[in-house]
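Hi,

Here is the structure I promised to pass on.

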Amino acid sequence: IGGVLETSNDHQSVLSELEAAIGGRIAQVGGKWYIWAPNDDLTPYSSIGENDLLREVGVDYTPSGPIEDLYNVARGRFIDPDVLYQASEYPDVREETSIVEDGRERIMYQDFSLIQDVSIAQRVARMLIRRSRFSATWRFAMGPKGLLFKPFDVTTLNIKETNNSDVTVRIINMEYTQEGVVSMECIEEDSSIYDTSATLGTPITQLDPSAWRPETAIDVTNFAVAETTIIWSSG
């Protein structure tokens, strides 16, 4: 990044500008500030399962969306050294496959006040488009095992709210209590967010069947079953 940060800005404003410039995240945990620069560091540090949760606290699951926030085009400006460091538009960033699947363009307007390279602006913009489709979050509490984690660690989540399957997530916020409880907020992850040459992965919200199928046969066990066909006068 490169640019001017006003000394009159408060601490939070400066951190927010840095966060926006790289499409990253910041968190204040245990009296320390953490900033995460996006990169494909998706090797899980550990795993979190049902037995690790404090179920009496509950799990707050928020799926990706709303649909108007699932972007497929990015448009905006960056700081261009070639025009005396004035704001210039970078070429539109488009996810053509997503545009076809969505049936329309959903444009993210994103300016970069601290980026002075058009290729970096486009790369970060594409990453933000892809990130918008992987925004499911989970909030829950853990006991002592939660102390093993630090902000922005990658882990797998295998609980009822992930259909009891391993889902790769990143810890984006944490809070410690004097009672030893660790509250966590996680967001889903996928390597295709960072490898922009790869085909976009599948968000967790698309793992369930999209529709109920009445013709699907379901095996019935521990019952005596007899099939019966009833034909009405209309056939």
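This is a predicted model: local features need pLDDT of at least 70, side-chain atom pairs count only at pLDDT 80 or more; totals for chains, interfaces and linings use all residues.

Residues are numbered from 1 along each chain as its sequence is written, and side-chain values use heavy atoms, with hydrogens and water left out.

Aromatic pairs: the structure has five of them. Rings of Phe, Tyr and Trp (its six-membered ring) pair if their centres lie within 6.5 Å; planes under 30 degrees apart are called stacked, over 60 edge-to-face, and the rest tilted. Tyrosine 45 and phenylalanine 149 are edge-to-face, because their ring centres are 5.5 Å apart and the planes sit at 75°. That pair links distant parts of the chain, 104 residues apart: tyrosine 45 is in the loop between β2 (32–36) and β3 (46–49), and phenylalanine 149 in the loop between β8 (137–142) and β9 (154–158). Strands here are DSSP runs of E of at least two residues, helices runs of H or I of at least four, numbered from the N terminus. Phenylalanine 149 is buried at 3% relative accessible area, whereas tyrosine 45 is partly exposed at 46%. (Buried means under 20%, exposed over 50%, partly exposed in between, with a 1.4 Å probe and protein chains only.)

Tyrosine 90 and phenylalanine 112 make a tilted pair, 5.9 Å centre to centre with 40° between the planes. Tyrosine 90 is in β6 (residues 86–94) and phenylalanine 112 in the loop between β7 (107–109) and α3 (118–132), so the pair ties together parts 22 residues apart in sequence. Both residues are buried. Ring pairs also join Trp36, Phe152 and Tyr194 into a cluster.

On to the core, meaning buried Ala, Val, Leu, Ile, Met, Phe, Trp, Tyr and Cys residues joined through side-chain atoms within 4.5 Å. The largest one has 41 residues, and Tyr90 and Phe112 are among those with the most contacts inside it. Helix α3 gives the most to this core, with six residues.

Finally, glutamate 185 lies in strand β11 (residues 182–188) and is buried, at 17% relative accessible area. Its side chain makes a polar contact with the side chain of arginine 139 at 3.0 Å. (A polar contact is a pair of N or O atoms within 3.5 Å; within protein, one must be able to donate a hydrogen and the other to accept it, and residues adjacent in sequence count only if both atoms are side-chain atoms.)

Cheers
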